[in-house]
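Work through the following exercises with the sequence and the model open beside you. Each task is followed by a solution that goes step by step.

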Amino acid sequence: MQNLLLKFKKFNTVSELTKILLRNALQISTAESCTGGLISSRLTDPAGSSAYIKANFVTYSNEAKQRFLNVSENTLRTHGAVSAECAYEMADGLIKLTGSDVVLCTTGVAGPSTSENKPAGLIYVSCGYNGNITVKEFRLNPKYNRKNMKFMFSETALRFLLETLNQ
């Protein structure tokens, strides 16, 4: 585990994202569930981040997902909060709410136990950019403790965002 965290720290994902966001004058908003604001925290670490951060939300509860992001009750009932459908609706709602150029959303199970009968280590990340919303499922090792899982989730989401912006 320690080696994996060191590997992630050698490549500074946030630094790379900051360069892209600033160079292209893009504004980003995030809506996080399983990462609990860690992505927002990491994106606001660099000085001058107010030039690219528009709004960040922690929509941990289903009620918050519905109220702020307009995730449908039917989606939550049918597919659950931890689903590709929910991640998509989170991104769609965030775009409509903020008008941001880029949005990044996370929903998953940080563990250590299952949730909604879905395994620890499961995360759905949605990214909205250039009029498209892309959702991707990732499955991380469920043996990470919760704190490390949240970090790994945040890094996974940020790398997915970087990959999306570089396409």
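**Exercise 1.** Find out in which sense S4 and strand S5 (residues 132-139) pair, and over how many bridges.

Solution. Strands here are DSSP runs of type E with at least two residues, helices are runs of type H or I with at least four, and both are numbered from the N terminus. Two strands count as paired if DSSP finds at least two bridges between them. S4 and S5 pair in the antiparallel sense, over eight bridges, and within this pairing Leu-122 stands opposite Arg-139 of S5. The two strands form a hairpin with two residues between them, and Asn-130 in the turn has a positive phi of about 55 degrees. On strand S3 (residues 102-108), the pairing with S4 is also antiparallel and runs over seven bridges, with Gly-128 of S4 as the bridge partner of Val-103.

Before going on, note that this is a predicted model, in which local features need pLDDT of at least 70 and side-chain atom pairs count only at pLDDT 80 or more, while totals for chains, interfaces and linings use all residues. Residues are numbered from 1 along each chain as its sequence is written, and side-chain values use heavy atoms, with hydrogens and water left out.

**Exercise 2.** Decide whether the two faces of S4 are covered or open.

Solution. In a regular strand the side chains alternate between the two faces of the sheet. Buried means under 20% relative accessible area, exposed means over 50%, and partly exposed lies in between, for a 1.4 Å probe and protein chains only.

**Exercise 3.** Describe how helix H2 (residues 13-23) and helix H7 (residues 146-165) cross, and name the residues that make the contact.

Solution. Two packed helices are described by the angle between their axes and the distance between the axes. The axes of H2 and H7 come within 10 Å and cross at roughly 35 degrees, where axes are lines fitted to C-alpha atoms, for helices over the stretch in contact, and angles run from 0 to 180 degrees between N-to-C directions. The contact (heavy atoms within 4.5 Å) involves Thr-13, Val-14, Glu-16, Leu-17, Ile-20 and Leu-21 of H2, together with Glu-155, Leu-158, Arg-159, Leu-161, Leu-162 and Leu-165 of H7.

**Exercise 4.** Which class does the relative accessible area give to Glu-155, and which to Glu-163?

Solution. Glu-155 lies in helix H7 and is buried, because its relative accessible area is 1%. Its side chain makes a polar contact with the side chain of Arg-42 at 2.6 Å; such a contact is a pair of N or O atoms within 3.5 Å, where within protein one must be able to donate a hydrogen and the other to accept it, and residues adjacent in sequence count only if both atoms are side-chain atoms. Glu-163 is placed in helix H7 and is partly exposed, because its relative accessible area is 39%. From Glu-163 to Leu-17 the separation is 146 residues in sequence and 9.8 Å in space, C-alpha to C-alpha.
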